[in-house]
Structure formats: structure tokens, C-alpha cells
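Please look over the model below before reading on. My notes follow as numbered points.

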Amino acid sequence: MDLLQKAIKLGCIIKSEDYYLYDIQRWLREVHNVQLTIIPVGNVDFSLKYWHYSILGLNCNEGKNNVNRFFTYEQALEEGLKEALKLV
């Protein structure tokens with residue numbers, strides 16, 4: 001099941017035309033206390049190398065640190081949201 005289908009099934013968004021990644025991220029944080037953080041990783045010269053994500057369930061000890069590398073913020077956010085929705 002892709003991110004959009006999962007979000008609709010869980011009641012996070014109503015229809016696909018209203019789909020924004022930050023809406024799902026906010027819903028996870030405000031309704032389920034699941035925090036998703038996108039983290040930039042840089043080179044020694046401070047240039048951006050890649051992104052990864054960290055998920056923390058604020059009401060429990062659940063969490064996940066991602067070791068995959070994503071070359072855009074949006075890729076890291078989308079994959080992080082897919083994993084975060086599994087905690088709901």
C-alpha cells in the first residue's frame with residue numbers, strides 16, 4: 001500500500017487532491033504523537049551530502065533511525081512518513 005492509500009485509510013486525509021506530505025506529518029505529530037524529523041548530512045566542507053530521517057513515538061519508546069540515504073528532502077520525508085504510519 002502506498003503512502004497516499006495508507007493516509008486515506010487511516011483518516012489522515014480525505015481525498016487525494018488534498019494530499020500534502022506536511023499534512024500527514026502534522027497529523028502524525030498532533031493526533032498520534034509521532035515525530036518525524038528529516039536530518040541533513042553534510043561533508044567535511046559543510047556541503048550537503050544526503051538526507052535521512054528519524055522517527056520518535058512521543059508516548060512510548062518506539063522509534064526508528066533510518067540508515068538509508070536520500071538525495072532530496074522530499075524523498076526522505078516520503079519514506080519516513082511511510083515508516084511512521086506503521087506505528088499508528
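In what order do the elements of the protein run from the N terminus on?

1. Fold order. The elements run α-α-β-β-β-α. That comes to three helices and three strands. Helices (H or I, at least four residues) and strands (E, at least two) are DSSP runs, numbered from the N terminus.

2. Ground rules. This is a predicted model, in which local features need pLDDT of at least 70 and side-chain atom pairs count only at pLDDT 80 or more, while totals for chains, interfaces and linings use all residues. Residues are numbered from 1 along each chain as its sequence is written, and side-chain values use heavy atoms, with hydrogens and water left out.

3. Confidence. pLDDT is the predictor's confidence in each residue, from 0 to 100. The protein averages 80, and 81% of the residues score at least 70. Among the elements, α3 has the highest mean pLDDT, 90. Strand β3 (residues 63-65) has the lowest, 65.

4. Burial overall. Of the 88 residues, 34% count as buried. Buried means under 20% relative accessible area, exposed over 50%, and partly exposed in between (1.4 Å probe, protein chains only). Contact means heavy atoms within 4.5 Å. Among contacts between residues at least 6 apart in sequence, 35% join residues at least 24 apart.

5. Helix α2. This helix covers residues 21-32. The expected span of a helix is 1.5 Å times one less than its number of residues. For the twelve residues of α2 that gives 16 Å, and the end C-alpha atoms are 16 Å apart, so the two agree. Its buried residues are Leu 21, Asp 23, Ile 24, Gln 25, Trp 27 and Leu 28. Note that Asp 23 and Gln 25 are on that list. The cover over these residues includes α1 (3-9), β1 (34-42) and α3 (73-85). Asn 33 follows the helix, with a positive phi near 55°.

6. Two strands pair if DSSP finds at least two bridges between them. Nine bridges join β1 to β2, and the two run antiparallel. Strand β2 (residues 48-57) is mostly covered, with seven of its ten residues buried.

7. The core. A nonpolar core is a set of buried Ala, Val, Leu, Ile, Met, Phe, Trp, Tyr and Cys residues joined through side-chain atoms within 4.5 Å. The largest one has 19 residues. Ile 24, Leu 28, Leu 36, Ile 38 and Leu 81 touch the most other members. At least two residues come from each of α1, α2, β1, β2 and α3. The largest share, five residues, is from α3. In soluble globular proteins, nonpolar side chains tend to be buried together.

8. Aromatic pairs. How many aromatic pairs does a search of the whole structure find? It finds two. Rings of Phe, Tyr and Trp (its six-membered ring) pair if their centres lie within 6.5 Å; planes under 30 degrees apart count as stacked, over 60 as edge-to-face and the rest as tilted. The rings of Trp 51 and Tyr 73 have centres 5.3 Å apart and planes at 90°, so this pair is edge-to-face. Trp 51 is in strand β2 and Tyr 73 in helix α3, 22 residues apart. Trp 51 is buried, at 17% relative accessible area. Tyr 73 is partly exposed, at 33%.

9. The stacked pair. Tyr 53 and Phe 70 are stacked, 6.1 Å centre to centre with 25° between the planes. Tyr 53 lies in strand β2 and Phe 70 in the loop between β3 and α3, so the pair ties together parts 17 residues apart in sequence. Both residues are buried.

10. Two alanines. Ala 84 is in helix α3 and counts as buried, at 0% relative accessibility. Leaving aside neighbours within four places in sequence, Ala 84 is in contact with Leu 28, Val 34 and Ile 55. Its C-alpha atom is 7.2 Å from that of Leu 36, 48 residues apart along the chain. Ala 7 lies in helix α1 and is buried, at 0% relative accessibility. The C-alpha atoms of Ala 7 and Lys 82, 75 residues apart along the chain, are separated by 9.0 Å.
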